[in-house]
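Please look at the fold as a whole before reading on.

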Amino acid sequence: HSDPMSMHPRLSVPAWRPAARRGFALLLAGLALLASGPAQAELTIRFAHVVAEDTPKGLAVKRFAQLVAERAPGRIRVVIYPSAQIYGDNDEIEALQVGAVEMLAPSLSKFGRVGVPEFDLFDLPFLFDNLAEVQRLTQGPLGQRLLAGLGRQQLVGLGYLDNGFKHMSANRPLLEPIDFQGLRMRVQGSRVIAAQMRALGAIPVALPFSQTFDALQRQIVQGTENPLSNFWTQRMDRVQSDLSLTQHAYLGYAVITSQRFWRSLTNSDRALLAQALRDALAYGNQIADQQNDKALSALRRAGTTQVHTLSPAQRTKLRAAVQPVYEQLGQRIERTWLNDVQQVLGR
Ligand code: LMR
């Protein structure tokens, strides 16, 4: 057959992608196939994610690959595809379900769209005051129950990873609800985040992470929200003149695999991978804050984007404006989820 991809139909890429990007993705996938020949390793785990390597997620995934290489040398190999090189927000979960990759770490905001809407509660604005509160949820029984829900989509949730708190950016300071009026804001595909932007008077536009810089540059959207490490490593400072330290909501991840892949492993490999991942995630959770602090310093040094701090009164106004979002989520998911979260947080 003359079409080399026909050997591996699972690596087909949706037709809407621009040709150049598709060519690049196919090239990478082809190289991965060559590199993962049977002589190299018994088991290759392809791990795709959408952010840069120098982020909490990028570094935690790298650590996972290192630990696996140390603990199963030459036998199990983790190949990482960062920066949405082969799969991004629109197709990565499907790629996992059909077996074109083995592991992903999507943000928790991306599970509602694939049929597990209770994850949207992580997006509630002003729900968590700090990462310790997030971890009370993610590292406890409620966190486990949420991960178990991924089984409804034939997925296995292996653990949580923090990034941190998001801040608002645009080409003007965003300090109070009035500043958001009519602004088109890029969001992840989460209904809570969309509702949050609407409650502030903005227009949410859901776009894949890998298209965000471009969309900002071409003024398709005028602003967005990010933790500092994502803002800086995507160099959004080149296309956003103002970043306001709103710290309004959390961004974190769940590492997932498919039931099919997970069940195909021997018990001992499964245990080895689960432990390596636990260790890598503990490391990632420990460096997340630090990475975001480093990004803020770098951003301040670059001087390209003005960084604004909110007064307590301004933050209170933002918080008041987004309150309807809680009620809206309460109508979409079982009430017990929200009650249980409030209880874990002692509210
Ligand atoms: C986003 O789409 O903004 C984030 O989920 C990207 C990421 O993985 O941190």
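A residue counts as buried under 20% relative accessible area, exposed over 50%, and partly exposed in between (1.4 Å probe, protein chains only). By that rule, 55% of the 347 residues of the protein chain are buried. This is a predicted model, in which local features need pLDDT of at least 70, side-chain atom pairs count only at pLDDT 80 or more, and totals for chains, interfaces and linings use all residues. Residues are numbered from 1 along each chain as its sequence is written, and side-chain values use heavy atoms, with hydrogens and water left out.

## The chain overall

The protein chain has 13 helices and 9 strands. Both are DSSP runs numbered from the N terminus: helices are H or I with at least four residues, strands are E with at least two. A contact means heavy atoms within 4.5 Å. Take the contacts in the protein chain with a separation of 6 or more: residues 24 or more positions apart account for 75% of them. The protein chain exposes about 14,900 Å². Carbon and sulfur atoms supply 52% of that area. Such accessible areas come from the Shrake-Rupley method with a 1.4 Å probe; for residues, only the protein chains shown count as cover.

## Salt bridges

A salt bridge puts a side-chain nitrogen of Lys or Arg within 4 Å of a carboxyl oxygen of Asp or Glu. The structure holds 16 of them.

| Pair | N to O distance |
|---|---|
| Arg-46 and Glu-102 | 2.8 Å |
| Arg-347 and Glu-133 | 2.7 Å |
| Glu-327 and Arg-335 | 4.0 Å |

Arg-46 is buried, at 14% relative accessible area. Glu-102 is buried too, at 9%.

The side chains of Arg-347 and Glu-133 also form a salt bridge. This pair links distant parts of the chain, 214 residues apart. Arg-347 sits in the segment after α13 (335-344), and Glu-133 in helix α4 (residues 131-138). Arg-347 is partly exposed, at 47%. Glu-133 is buried, at 11%.

Elsewhere, salt bridges link Glu-42, Arg-75 and Asp-269 in a network.

## A residue in helix α10

Asn-292 belongs to helix α10 (residues 267-302). Is Asn-292 buried or exposed? It counts as buried, because its relative accessibility is 7%. Setting aside neighbours within four places in sequence, Asn-292 is in contact with Asn-163, Gly-164, Pro-227, Leu-228 and Ser-229.

## Around the ligand

A residue is near a molecule if one of its heavy atoms lies within 4 Å of it. The residues surrounding the ligand include Val-50, Asp-89, Arg-186, Gln-188, Phe-209, Asn-230 and Tyr-253. Lys-57, Ser-107 and Lys-110 are also among them.

A polar contact is a pair of N or O atoms within 3.5 Å. A polar side-chain atom of Lys-57 lies 2.7 Å from an oxygen atom of the ligand. For Lys-110, the distance from such an atom to a ligand oxygen is 2.8 Å. For Ser-107, it is 3.3 Å. On its own, the ligand has 270 Å² of accessible area, and the protein covers 99% of it.

Note on methods. A polar contact is a pair of N or O atoms within 3.5 Å; within protein, one must be able to donate a hydrogen and the other to accept it, and residues adjacent in sequence count only if both atoms are side-chain atoms.
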